[in-house]
Structures are given as structure tokens and as C-alpha cells.
Amino acid sequence: MDTKILIRVEKLYRYYGHHLAVEAISFELAQGEVLGFLGPNGAGKSTTMQMISGNLAPSAGRISINGIDLLDKPRQAKAEIGYLPEQPPVYPDLTVNEYLAYCARLHRVIKGKRDQAMARAMQRCGLEGTGRRLIGNLSKGFQQRVGIAQAVLHNPAVVILDEPTVGLDPNQIRDIRTLIRELGENHGIILSTHILPEVQATCSRVQIIHRGRLVFSESMETLRQRLTGSALVLETAGPPDIDMLRQVEGVSAADALDGNRTRLHFDADNPADRVAACVSAHGWGLVELALDRQTLEQVFVDLTCSEQTSGTEAAA
Amino acid sequence: MLLTIASREFRNLFLSPLAWAIMAVLQLIVAYLFLTQVDTYMVLQPRLAGIEGAPGVTDIVVAPLLQTVGFLFMLIAPAITMRVFSDEKRNHTLSLLLSAPVSMSDIVLGKFLGVALFFLVLLVMLAAMPASLYAGTTLDTGKLAAGMLGLALLLSSFAAIGVFMSSLTEQPVVAAVSTFGLLLLLWIIDWSGSSKEKVASLFGYLSLQGHLSSFLKGLFSTTDVAYYVLLIALFLILAIRRLDQQRLTG
């Protein structure tokens, strides 16, 4: 598959009065990518997504969707976008069918293809059999699905989903994740969420945004390698001799942790079997020997908490 | 695209009980007024018969009736227009329109057309009453048509002003009250007894009602048409500017 750049964002700024909500964000999204947008509340995720979807005008910067500049040719560019805001934009007085038919017309789906597009979107989002019900009478989870159906209805190149799994039950969340992965094969997807495992389960790239700035941007592969880490945690029944552990082949450093736990750093290949042999040879009593995995949560906390203590100003 | 939004807006009105209630109440009140007006005419008729060039049934029944219809619409128009944009903002559905490939002017014009069409439907239903006089007498069709055209223009300007006011706030009630305030002000603006002739004529020109009354006399003048068209254009442009501005300031 050729990797077409679907979204290109350059030096995006956004002020609310004097408050700087988004500062110099630049990134690209290629076809077939699912980009996870993470960040604490008020970091600027929603603002960024609103700008990309054309709901908010940026204070400075450029956005192009599928090669079309959003500010110069908003109409053509918006035709390539499907957007689900934080609150699903549904009319409680309409039935699901009426609502989706209206959305199809708004997005200029050709008359002959409307029914087909609607049926497909409803099937994808698990809305079969709800067509004649009033949206206002549906549960929050179903309303959310109607919102997602609206975003994918016209088969846009880019789908922007702002917290799509809020209010859904675990089964529905799994369905939506499958849908997102499925859509990700042919479209470009931006997904914002607070649920970190969701990002690990669905995204091919992760960006963490904090206080309006992009502080982390890695592909999931690189992240996985990075998260796997290069340290072992050893727990023994009796106190081990740290110096002897340091001399084990492949171990570059060893720090004593609390209790009888030791962290062993290594550079190249994993020296776990040699460490285990060393422990049993000296009779320290092996309790646990495990890879020290850094989780995405730790990365997130490291990046977003350190600064938060220094600054007290709440983001809008 | 314009028509898609307009027809949605028009049909949305019929989904709420408010529109039906307003239609029913309006019919009832106008019917009562119509009957009293016909009654007055019956009393006056023998005396009018003796006068040369006396006012006819169109002048005595239809013109005052249409004048009152205009006034009644001023009272109910805010209730219809208040939710046009306020509701979209409150339900967070405006982003559906904003992220769809439609321009801001399509959105505003579509909403305006939907509301104006609703008012026209109401007007046509009310016009059935004076038209029923054709069964027993002859009306001055020209005067009736001019009056209807005047009212249609008046109602469209109500719609434009209401759409603009609704774009200002998230609270439908605030939109309704401010729309009503502005309409009432424009209705009574020529009441000021200013001694300066220039001021008085300016206020007279600004008055919504003044331009309607010449239509009701059967006068079709481009000045009056231009007044309403300019008023409608002004408030629609303001609404478009307002929504564009909101994308910039959040």
C-alpha cells in the first residue's frame, strides 16, 4: 500500500483570549495509520481535533487534509473528514434513519448511494434494528454509536474520533475497537482517549500532548521496544551480594531496591539464565526474576506529571 | 445543500409541539378577530351604502385583520426562531454542520429559509379566512395581494432578525426575549414625537409597521420592498459574521 499523507499539520497555534491552548503542534498522518492522541484533561486534545475538523479556526498554522488546504478550500477539505466530537452531535427529535439520511445529504453522498452508505454505516456500528427509533430514546452508548456512524457514513479519508468509547459497555468498546482497526486499514484515523490500554490495543502511533505542546510522538513499534526495557528485577529470599551480581556476564549495573530486590541493567542480550545460575549457586533463594517493563502509563505519567507540579495554572 | 438544511429546519419545527400549539392558538385568535371585524362591517354596511366612494369590505375587514396578524406574528415569531441556533449549540449539534462540507452562508440561509417557509405556511392558512369572503362578496384582489406580499416580507424580516439573535446565545429564552425586544422597538420606533423633522422621518423609515401599512393600503412601492430586503440581508450577514467569528474566538 502506498503511504499517502492524509493530514499535515504545521505549527498550529490556538489562543483563547490570552490563554495559549495549543502551541506549535506539527504532525502528519499517513493512510493506514491510527494515531492515538493522549493527554491530561485540558491539554489541548479536543481543541486540536476541533481545528483539524474545521470547527475552530487556528490562531496560526496550516492544516491540509488529503493535500487540500483546510483554510483555503474548506468545502473540499471537509468532504474528506468524518468527525465525532466529544458530545455526539445527534438530534434527539429524529429517528436514526432520518438523522443518517440528513447527514448523508449534508456530506453530499450521491442519491443512489445513500441507502447503501446508511446500511453499511449502521451495520458497522451495530445499529441494525434501531433505524426507526428516536435518538432521544436511545441509551448513551447507542447515541455514541450513532455519532460514530455519522462520522464514517460518507467514507471519508480521515476519521477524527474524540473519545469514541466513552459511555459504552465493555462489549461495545471491543466492537468499536475492532471497527477502528478495520477503518484504519484504508483510512487515516485520529483517536483521542484517556484509556491507555485502548491506545495500545488499537493505535499504530501515539502522541502525547501536554499543556498545548506535543511532548511525545512515537510509532507503536518503537514504543513497544522501548517499553520492553533493558533491566531485570530480581527478588531473592535472602540478601544477595550486589558486587557478585555485577560480575555476572552481561550485567552492566545493579542497584539494590527495597527488601531483597535488585534491579539489574543489561546492554545486549538478556542475562536472566546466568543471573539465575548465580543466585542458585550462592543459595540466596530465587523468588522472582522478571523483565522490568515500563508501561505506557509510566511514560504518560513521566511526561505529564513532572511539569504539572511546577505550574499550577489550570488549562482551559 | 441550502435546501437540505432548509427542509430539515422546516420539518424540525413540526416535530416540536410548540409549532403546533402556536398554529392552533393563532388560528383561534385570528378567527375571533375576523368574526368581530365582519360583524362591524355588517353594522356599518347600511350607512356605507349611501356614501359615494365609501371604503369597501377589503378596507374595513381585510386590512385591519392583516395589520393585526402582523402584530400577532411579532409576538410569536421569537418563540419559533429562538431555537434555531441556540438549540444546536446547546445540544452540541452545530459541529455536525460545521464539519460538513457546507459554507457558513449555506447554513444561515438554509435556517432562515426553513423558518420563513414555516411563517409563510402559517400566513397562507390564515389567508383562507379573508379569502372565504369571496363566497359572499367581491374583494379588491389587488389590495389583498399587496397586503399578503407586505406581510410575507414582514414575516421574513422577523425570521432574519430571529435567526441572528439566536446565533448570539446558547439560551433559547434569551434569544426569544432579545428578538422580541428588537422587533417591538422596530415596531414602535416611529411613535417618538420628535420635533426635528429629519429624525422623525428617519425613525419613520426604520419602522417595521410603517412600511406594512402602505402595503395594506394597496400601495406596492419599491421603497418598502427595498426596506424589507435590506433588513433581511443585514441580519443574515450579521448572523454569518457572528458564526464565523465564533470559530475564531471559540
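Student: Which residue stands opposite A:Ala256 in β13(A)?
Tutor: That's A:Thr262. Strands here, like helices, are DSSP runs numbered from the N terminus, with at least two residues (E) for a strand and at least four (H or I) for a helix.

Student: Is this a predicted model or something else, and how does the numbering go?
Tutor: It's a predicted model, where local features need pLDDT of at least 70 and side-chain atom pairs count only at pLDDT 80 or more, while totals for chains, interfaces and linings use all residues. Residues are numbered from 1 along each chain as its sequence is written, and chains are lettered from A and ligands numbered from 1 in the order in which they are written.

Student: Ok, back to the strands. How many bridges link β12(A) and β13(A)?
Tutor: There are 5, and β12 (residues 251-256) runs antiparallel to β13(A). Two strands count as paired if DSSP finds at least two bridges between them.

Student: What's in the turn of that hairpin?
Tutor: The hairpin of β12(A) and β13(A) has 4 residues between the strands, and A:Gly259 in the turn has a positive phi of about 65 degrees.

Student: What about β11(A), parallel or antiparallel to β13(A)?
Tutor: Antiparallel: β11 (residues 231-236) of chain A is joined to β13(A) by 5 bridges. In that pairing, A:Leu232 has A:Leu264 as its bridge partner.

Student: Which residues of β13(A) are on its covered face?
Tutor: A:Thr262, A:Leu264 and A:Phe266 are, while A:Arg261, A:Arg263 and A:His265 make up the uncovered face of this strand, residues 261-266.

Student: Why does A:Ala24 count as partly exposed?
Tutor: Because A:Ala24 has 14 C-beta neighbours inside 10 Å. The cut-offs, with C-beta atoms placed from the backbone, are 20 or more other C-beta atoms within 10 Å of a residue's own for buried, 12 or fewer for exposed, and in between for partly exposed.

Student: And where's A:Asn66?
Tutor: In the loop between β4 (60-65) and β5 (68-69) of chain A. A:Asn66 is not a glycine, but has a positive phi of about 55 degrees. A:Asn66 has 19 C-beta neighbours inside 10 Å, so this residue counts as partly exposed.

Student: Zooming out, what is chain A made of?
Tutor: Its secondary structure comes to 11 helices and 14 strands. Chain A has 316 residues, and 40% of them count as buried.

Student: Last one: how many residues are in α11(B)?
Tutor: 28, spanning residues 222-249. Its buried residues include B:Leu231 and B:Phe235, and α6 (104-131) of chain B is one of the elements covering the buried residues of α11(B).

Methods:
The expected span of a helix is 1.5 Å times one less than its number of residues. Two residues are in contact if their C-beta atoms, placed from the backbone, lie within 7 Å.
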